Amino acid sequence: MNEQEIKSALKTYILNEFLPGEDPAALTDATPLMTTGILDSIAVLKVVTFLENEFSITVEPHEAVVDNLNTISDIARLVIAKKT
Amino acid sequence: MAILLQFALIAVIIDNWHLESQVLARLMWLAVVGFAIHHLLPQRFRLPFFALLSLVAVVTGVGHIGPNVWMGWLSGRISSSGLLYHFFPGLTLVAIGLGLIGLCHLPIRFAARVGLVAAAGAGLAFLRGHSQWFPDIADMWVVLGSMFMFRLIVYLYDLQHRTAPFSFSRAVSYFFLLPNVCFPLFPVVDYKTFCSTYYNEDWVPIYQNGIRWMIRGVAQLLLYRIVYQYAPLDVSTLSSSLDAVGFMLGTYLLYLRVSGTFHLIVGLLHMFGFNLPETHHLYYLATSFTDFWRRINIYWKDFVMKLFFYPTHFKLRKMGTIPALAVATMVTFLATWLLHSWQWFWILGKPLFNWKDFSFWMILAVLVLVTAIYETTRGRKRTLRPSRVTIRTRLMYGLQAGGTFCAMCLLWTYWSCQSWSEFETLMDAASKPSWSDVLVILGVFALVCGGGMLWGQSSRETSEGKRTTAARGPFPFWRSAVAVTVGSLCLLAGPSLATRTIPATKGAIARLHDDVLNARDMNQQRRGYYEDLDVSRKDNWGWQNAEEPEGWDKGKKAFVRPRSDFLLTDVVPSMNTVLAGAPCTSNSLGMRDREYQKAKPANTYRIVLLGASNDMGTGVKNDQTYENRVEDKLNAHLPDARYSQYEILNLAVRADSILQRVLRLEQEGFQYQPDAAILSVSAVDEQFIASHLRKALMQGIEPTGDYGDVVQSVIRRARVNGKMPAVMIERRLQPYVTELWAWSFRRFAQQCAQHGIRPVVMYRPAPADFAGLEATGRSKTLQLARAAGLEVMDLSPAFDAVTDRSSLILAKWDDHTTALGHRLLAEELYKDLLALLFSSSSQQKISPQPKP
C-alpha cells in the first residue's frame, strides 16, 4: 500500500466510525483530530486497533500520542514508518 | 515592559493578600527579577539560567534564607557557620536530586537503572519515614518528595522510549522546577510536554498566557478563601438541609485551592518559556463523569493514562475493546489510589491506607467506566465544523452538568468527611428540607445548569488540547494585558476602598486578607484530603515561629478534673501548671484565682464571675487576667465608701456552657455570699451548650430538678440518645440551643433575685472573629439577656481601637485572649462596673445586703 492508499483507507474509516454524515471533503489530510476532540482517548484505542488489523502493524502504547495520531498525514506517516 | 509590569503587580497581590506562604511572596519577587534577566539573555543561555534560578530558589526556600537571615549575618547576629547551616537542607536536597538524575543516566542496562532508582527511592522513603533522625534537614523531605515522587517515573518512561531530548540543563530544570519549593502539591508535569512546549511559539503569547493563568490562579485562591471562611463546614453546627447542602458545596469548592495553585504554578513556568497546557478546565461544569475526569487535574489524568491505562489496554486489547477498557480503567484508578497514598506519605510522613479513600477512588472508577462504556457503545456526536448548537442540545448540556455536579459534590463530600458518622450526620441534616430550602437548592442547581448550558460543551481531551498554534486565532495581547492590570489594581485597591466606604466590611476583609484557620479548623483541625496536605501553609506558620511548641497545653488535663454530676468538670484546687504557654495556678477553693477566704470578710464587696476559658485567663499569667486587673483597680480606687475591699471570685471553667455557669453559681457561687454575679457570655459560647449536653448524654449523666426537666424535654424533642455518634447528637441539638440559652438567662435572673444578688450579664467580645459570628451573635445574646430582665454590660468597644486583631489572640492555632486583650477588657469592664454598680444613681438600685 502506498501513502495515498493508506490515507484513503484511514479517511474512510474515520468518516464511517466517528464522523457519520459529515461532508468527506471537509476531512483533509491536515485536519486536527486529537487536539479538536474528534479522537478522544477511547477513539484513539479504536484507531489503533484498526491500524493493527488493517495494516498488520503493532503500535506501542507510547506511540499512541498526539504527535503520531493528530492528523491523517501523521497516522499515515506512522504506518509507513512501521511497515518499513 | 507591559508584561513585566503585570508580573510585578501579581507579585504585589500575592504579597499583599498573604497568599500561600511568605516563601511564595519571596519566590515571586525572585521570579520577577529572574524573568527580566532570562528574557534578555540569548536563547541558548535561557534554560541553564532557569535551572540555576530554580536551584537558588530551592536552596533559599528550603533553608528559609530570606532578607532577615542575610541582615542577621551582615549585622553579626548570625555567625557564618549559622548562615551555612541554613544552606544545609537545600544543598542536601540538590545533592540527592542530582544523584537520582545521575542514576537514570548510568551507562548500564535500562532495567538495571530502574532497579537502582527504585532501590534509592525505597531507601529515601525509609529515611522519610524516620525524618526525626535528621532534624536539621527535616524541611527538605516534603520538597524532595514533591519533586521526584512522580516526575522520576515520567522521566524514566520518556528516557526508555526516547520521546524527548535529554540534557543536564533540561533535567535540572524539570526536576527542580522553580515554584516547586512553595507547593508540595504540584502538578505532574510531563517531561515530553515540558521539552516540546519550550518556546514553541512566539514569546509574547507564551508570557501573556502565563500572566493570565497566574491571575486566574490568584482569583481562585481568593475564592477558596471565601469558601473556606464562610461555608458552613462544621457538620455539628448544621441546622437545616440548606446548611447541609452548603457543607457539601463548600467541601467540593475547597478544591479551588488546588486548581488555583496549579494555575499559578503553570503560569509562572510560562514566564520562562514553558508553554505548558492548562491544568484544569471548567471542571465544575463537566457534563459526564468521563468529562469530569478529563477536565479536573488534566496533568494527573495524562500521567496515569500514559503510565497505566494505555499500557494495560494495549496488553489486553485481544480480550476485546470493552473488557480491555474495563480492566485498564480499574487498574488506572487503583494506581491513582495507591499513588495518592504515596503522595500523602512523602508530604506528611505516613502512608494513607483507609477504606474511605479506597472506596472513593473505586466509586469514581466505576462511574467513569460506565460512562466510558456508554460512550464507546453509543458513540458521541462529533463534527468537523462548529455546528449550530440548538436550545435542546444546550438544555441537555445544562442538565448533564447539573447532574454531574450534584453527584460529584456528594462523592467529594463522602471523601472529605472525617468519619462515616459525620457523613451520616450530614445526611441526617439534609433529610428534612423545608420548601424554602428546596427553592434555594433548586436555584443553585439552576445556576450550575446555566453554566453547563453556556460552557458545558467546552471539552478538552489531552493536555495539548486546543493549545496548538493551528487551533488558535490572533492573540489579543492588549485586551488581555488591560484586563489583567485592571483586575490586579482592583484586588490591590479594593479592600481599602471597601473598608473606607463601607466600614461594616472591615471585619470580613480582615478575615479574608490573612491566611488564618477558619472556625472549624481552629476548633477541630479537621480537613479533607487536599486540606490535610496543605503543608505549605503550615510552613507559613512555621516561618512566623507560630508552630505549637511542645508542652503548650500540658496542663489542660491536669488543671480540670471530671465530676460525676451535670457540671461535668471543675478546677483542681491548688494546682500549678502551664496552660496555653503561660503559668496557671488555682487557689485552694478550686478557682483559677488568688486565695480568698470562703466567708466574705467584713466591708467587702464580693462579685462572682461565671465564664469559660477566656474568663479563666487561659494563656495569661495570674495577675494578667481581666478580673484580677479590675479587682486591683477597684481596691486601688475604692469607688464606694461603704466598702474597704473588693473581691472578684473567678468561677470560670474551661468550656463551661451557660447551663454549667448558672448551675455553678447555684452549687458553688452562692456559698461565697456574693453581692453581685457577673455572667460572662460571648457570641461563640452557644457551641458549648450542644457539646455539654452531648458529653452528659454519652456519659449517662442526667441533670436533676429544673435542669432535668428542661434538658429532658430538649433531648426528647431532638430525638437524641447517648449511643448516637457525637457529631449527630450535637447537630440534632442545634435547633434547641437558643431555647436553652434563653432559659439559662431567666434562671440566672430568678436565682439571683431569690438570693438577693445583683445579676449582671457581661458581653465579652471575641479577640478574633474567625467564625464571623460576632455581629449576629452579639445582638442575639444581648436581646435574650434583656428579655430575661437582666442588666447588660457590653464590653464590645474594648477592642475597637485594635487594628491588628491577631495581637489579641495567643497564636495562630490558639484563639484565646492575650494579656493585651485582658488589659483592654479590664479597662472597659472597670468603666462599666463603676457606672452600673457604684455610681450614685446605681447605688440606689443595689439590693440592700446585710453586712456581716
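Predicted model: local features only at pLDDT ≥ 70, side-chain atom pairs only at ≥ 80, totals over all residues.
**A first look at the two-chain model**

1. The strands β5(B) and β6(B) pair in the parallel sense, with six bridges between them.

2. What is the order of the strands in the open sheet of chain B? Five strands take part, running β6-β5-β7-β8-β9, and the pairing is parallel. The edges belong to β6 (645–650) and β9 (791–794) of chain B; each has a single partner strand, so one side of each is left without a neighbour in the sheet. From one strand to the next, the twist averages 25 degrees.

3. Next, follow β8 (residues 758–763) of chain B. On one side, β7(B) is joined to β8(B) by six bridges, and the two run parallel. Within that pairing, Ala677(B) has Pro759(B) as its bridge partner in β8(B). β8(B) is also joined to β9(B), here by four bridges and again in parallel. Val761(B) stands opposite Val792(B) of β9(B).

4. How many residues of β8(B) are buried? Six of the six are, so the strand is largely enclosed by the rest of the structure. In a regular strand, side chains alternate between the two faces of the sheet. In β8(B), Arg758(B), Val760(B) and Met762(B) point one way, while Pro759(B), Val761(B) and Tyr763(B) point the other way, and all are buried.

5. Helix α28 (residues 626–637) of chain B lies across β5 (604–610) and β6 of chain B, and runs at about 170 degrees to β6(B). Helix α29 (residues 658–667) of chain B packs on the sheet, where it touches β5 and β7 (676–681) of chain B. The direction of α29(B) makes about 150 degrees with that of β5(B).

6. Elsewhere in chain B, look at helix α7 (residues 140–148). Nine of its nine residues are buried, so this helix is largely enclosed by the rest of the structure. Among those buried residues are Trp141(B), Gly145(B), Ser146(B) and Phe148(B).

7. How do helices α11 (residues 203–230) and α21 (residues 477–501) of chain B meet? Their axes come within 10 Å and cross at roughly 30 degrees. Angles under 35 degrees count as roughly parallel, and α11(B) and α21(B) are therefore roughly parallel to each other. Their crossing is left-handed. From α11(B), the contact uses Val204(B), Gln208(B), Ile211(B), Arg212(B) and Ile215(B); from α21(B), it uses Phe477(B), Ser480(B), Ala481(B), Val484(B), Gly487(B) and Ser488(B). Sorted by class, this contact has six nonpolar, four polar and one charged residues.

8. Helix α1 (residues 3–17) and helix α4 (residues 72–83) of chain A pack at about 125 degrees, with their axes 9 Å apart. α1(A) and α4(A) are therefore oblique to each other, and their crossing is right-handed. Glu3(A), Ile6(A), Lys7(A), Leu10(A) and Lys11(A) of α1(A) meet Ile72(A), Ile75(A), Ala76(A), Val79(A) and Ile80(A) of α4(A). This contact has seven nonpolar, no polar and three charged residues.

9. Finally, how many residues of chain B are in contact with chain A? There are 26, and they touch 22 residues of chain A. On the chain B side, the elements giving two or more residues are α15 (298–316), α16 (321–348) and α17 (355–378). The largest share, five residues, comes from α15(B). By class, the side of chain B that touches chain A has nine nonpolar, 10 polar and seven charged residues.

Notes: Residues numbered from 1 in each chain as written. Chains lettered and ligands numbered in written order. Contact = placed C-beta atoms within 7 Å. Nonpolar A, V, L, I, M, F, W, Y, C, P; charged D, E, K, R; others polar. Buried ≥ 20, exposed ≤ 12 C-beta atoms within 10 Å, placed from the backbone. Axes fitted to C-alpha atoms, helices over the stretch in contact; angles between N-to-C directions. Parallel < 35°, antiparallel > 145°, perpendicular 65-115°, else oblique. Left-handed = near helix turned anticlockwise from the far one by under 90°. Pairing = 2+ DSSP bridges.
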